[in-house]
Amino acid sequence: MPIRKMKESSEQHLVIKTHIQNSGNPVQKAPKTAQNGKGPPTPEPQNPKTQNETSPPTKNRGRRRGRGGRKSDQGDAFMRPSSRHCTVAHIPASPNLAGGGPLVTTTNGSLENGGNLCAMEMGFPTSSKSLSFAPRPGYGQAGIKCVVKANYFFAELPDKDLNHYDVSITPEVTSRVVNRAIMAELVRLYRESDLGMRLPAYDGRKSLYTAGELPFVWKEFNIKLSDEEERIDGRKREREYKVVIKFVARANMYHLSQFLAGKCADAPQEALQILDIVLRELSAKRYCPIGRSFFSPNIRTPQRLGEGLESWCGFYQSIRPTQMGLSLNVDMASAAFIEPLPVIEFVAQLLGKDVLSRTLSDADRVKIKKALRGVKVEVTHRGSVRRKYRVSGLTSQPTRELVFPVDENSMMKSVIEYFQEMYGFTIQHGHLPCLQVGGNQKKANYLPMEACKIVEGQRYTKRLNEKQITALLKVTCQRPRDRENDILQTIQQNAYDQDPYANEFGIKISEKLASVEARILPAPWLKYHETGKEKNCLPQVGQWNMMNKKMINGMPVSRWACINFSRSVQESVARGFCSELGQMCQVSGMEFNPEPIIPIYNARPEQVEKALKHVYHASMNKTKGKELELLLAILPDNNGSLYGDIKRICETDLGLISQCCLTKHVFKISKQYLANVSLKINVKMGGRNTVLLDAISCRIPLVSDIPTIIFGADVTHPENGEDTSPSIAAVVASQDWPEVTKYAGLVCAQPHRQELIQDLYKTWQDPVRGTVSGGMIRDLLVSFRKATGQKPLRIIFYRDGVSEGQFYQVLLYELDAIRKACASLEPNYQPPVTFIIVQKRHHTRLFANNHRDRSSVDKSGNILPGTVVDTKICHPTEFDFYLCSHAGIQGTSRPAHYHVLWDENNFTPDGIQSLTNNLCYTYARCTRSVSVVPPVYYAHLAAFRARFYMGPDLQENGSIGHAGKGTRTAGESGVRPLPALKENVKRVMFYC
């Protein structure tokens, strides 16, 4: 496959834990040579008496000692110690648990054990009310100070009371559009009388908000609404609705102001929700609202994406609590919409051919049905009456053959006759099928395609194809300066100062982007092998290369084979490519046998399993039973399911490490491509490409002092429209210390759209052994012990893909699983945990203060890699920061948002920010710093890889059918487990 970057306190500890002398988390200043780039810093032993950080501490934060488990028994398999080149602080024996009382949380969110707990139960409150997130321990000081602009606009708080009213509409309406129309009519009729001149904001469902009280506590209104689409004798049909408005509560604005001032920890969600609804009210009337964004074909001319789709531009808007007060976050947005075409024209675009003169094939019919199901169309054959329908299906017969009963006597009439007699409409294209509309299955409702047009403003939610994605990216990809100008233009066009709703509620929005103090963290020195010309490397603007360098741990590849699935690649070309790749691996520091074990084997993609097994067994016979170490596979550029099939068979059936290469790269052999592939091969073989110089010099605060394991976790969900496919969870964990560069990965399937990772820790009953413990955390802790000879005494857990609304739930469940996994290995083994959420799906963008200043931007015009922000636009009280760790390539860089939810290791801001930034330079697949911390990136890759393991039958719907080869029976969740990874695959970075 081609190498592509992803598009990117008071004492706070568990009483049950033992203590390790730990120097806190000092900011290590690098010697001057590290700053001027002339040479790496000289290794120094870690000083346990380094100074504490200079940033102001919060009053809830005290100095503390780090902790780990008790001193292990020599005979304990998990705990047996071994000597390493980094010195581990002395660990005193842990005190025995005693006393009786429940587990409680202290005011700062730490846990205390007031009593006797069994190892399985220790460690976590069951209610989120007793849990508070890690408070901000101060602000970072490291790096070069600079100023950036953020797409946040200061919002002045209203001094009015905000009131919440419940709205009940009968008969019940499911459409927000209709609800809004009803409420708009009510306000038009009664604002000056019954509503006491108030202009309320409405959420389209059950809630109405006002600035100041309405003249009543409860009132009923009768509203008549005319239906534009339905007419009786030429007159619009009227529907009558009963609307009851009832007072619920007054929103506490004082609570909100205290929260923004950092004087209370919990956000008053209702007050924030009201202000958000108020500021969305006018835009919801002007534009097409989708989620938190608004779209319109008038903001910018829609661009065609192909197959009947077009892109609409719009903007995202959200009110957010920040350190500078209430802020409006505004960003540009784009989405795919169904083009409002006549249906026949849409079908012609979808199929890419003329449909007026040709009959449709069964495949065409299926494609049309799939594309149009659920889409709203309006009729065009009734003059000014444009009644709308939702498409439910497509007829199997052409229109000219369709008949239906017109009365109770079952008198039949053809569709063509009916439309001619009823509407005077002559159907021209009788060879085309009709649309089936409406939800009534018993009564067929047919509409000829030529009498229908697609209703404007329908977002396309299904999967886009490659060409459509490319076309959409062209529209959305904006240089930073252009994006900034568009955001400012959006703010001016929205004219919040003239917004009647904003004025009614007393909200004032600034028109200037927030200026924010930022810091640019230095790039870390990287260590390469001593035999290379360049032994150390200091990346420049987030990138470097492999010239004159050798991998720090290059692995040997003596037994390899190549299988060619591409018809266009001749054997001589394939041989030449393999030879070039082998030479590049050799130059990069690996020992690579120039000759394959068996000659290059040509195979057809449809016989993938047979071909793989033939090569596997032929190689084994040739080497007298020795395992094949690497399989190279040459694939056609468009290979459908071939890539996934190869990975599934190799990794879950044969236990083979494979590297796939596309035909286009085989013909056009570039040094850069070969260098990147060699990086991937080395880590798949179990090697390391580079390590942080500070890691092997034991100078990373709160990592180098005691054995530390770093986890990355992610859950990927099936695409929209896939209603039954399982979600895939992946967890990776570092397997080397102090280098923290190699990561082993595990994957599991779990219920559809379940965000909590189910298999972090689990127990089951074994008929012989009784209760058995397992799960991904436990397995990775054990493999760390086997790989390093040490038990982890500190855990850093980076968790991807969690929205703000799920923070509590994920922390409660997953930290509890970590606790139980540790306790199942040894009583009282509870290493301190730091739990960090990583978010990329947000709308914060950072821009250079001066786009013309070349020294403050990279080649793409984006802010420099290493830019970190933890002030002004960040959370008022919690421990979060934005970090742009990568150099932009095209478009506007999106910084990663890191939110430290739980921190028993007492990281300082500089400590966690520098660690995170430095880790971004250790990503194995390229010589660039990446946009998210590598363990999270690896977890994402592993989860994506596991989709291929489900096999063709499961990829369709994920339901439990015939158990495929290598699968186990379904668990209690009703999700069929993934086939198990082979042991030799698990140990290496197979997902790279």
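The structure is a predicted model, in which local features need pLDDT of at least 70, side-chain atom pairs count only at pLDDT 80 or more, and totals for chains, interfaces and linings use all residues. Residues are numbered from 1 along each chain as its sequence is written, and side-chain values use heavy atoms, with hydrogens and water left out.

I begin with the chain as a whole. Its secondary structure comes to 22 helices and 43 strands, taken as DSSP runs of H or I with at least four residues for helices, and of E with at least two for strands, numbered from the N terminus. Of the 992 residues, 56% count as buried; buried means under 20% relative accessible area, exposed over 50%, and partly exposed in between, with a 1.4 Å probe and protein chains only.

I turn now to the cysteines. A disulfide is a pair of cysteine sulfur atoms within 2.5 Å, and by this rule the count is 0. Cys562 is in no disulfide, the nearest cysteine sulfur, that of Cys578, being 3.7 Å away. Cys562 counts as buried because its relative accessibility is 1%, whereas Cys146, at 24%, counts as partly exposed.

Finally, the surface charge. Lys369, Lys370, Arg373 and Lys462 gather in a patch of positive charge. Such patches are made of residues with over 30% relative accessible area and no salt bridge, like charges being joined within 9 Å; a salt bridge is a side-chain nitrogen of Lys or Arg within 4 Å of a carboxyl oxygen of Asp or Glu. Lys370 lies in helix H6, residues 362-372, and counts as exposed because its relative accessibility is 59%.

Key. Patch = residues over 30% accessible without salt bridge, like charges linked within 9 Å, V, L, I, M, F, W, Y side chains within 5 Å. Areas by Shrake-Rupley, 256 points an atom, 1.4 Å probe, with all protein chains shown as cover. Lys, Arg positive; Asp, Glu negative; His and termini not counted. Charge placed at Lys NZ, Arg CZ, Asp CG, Glu CD.
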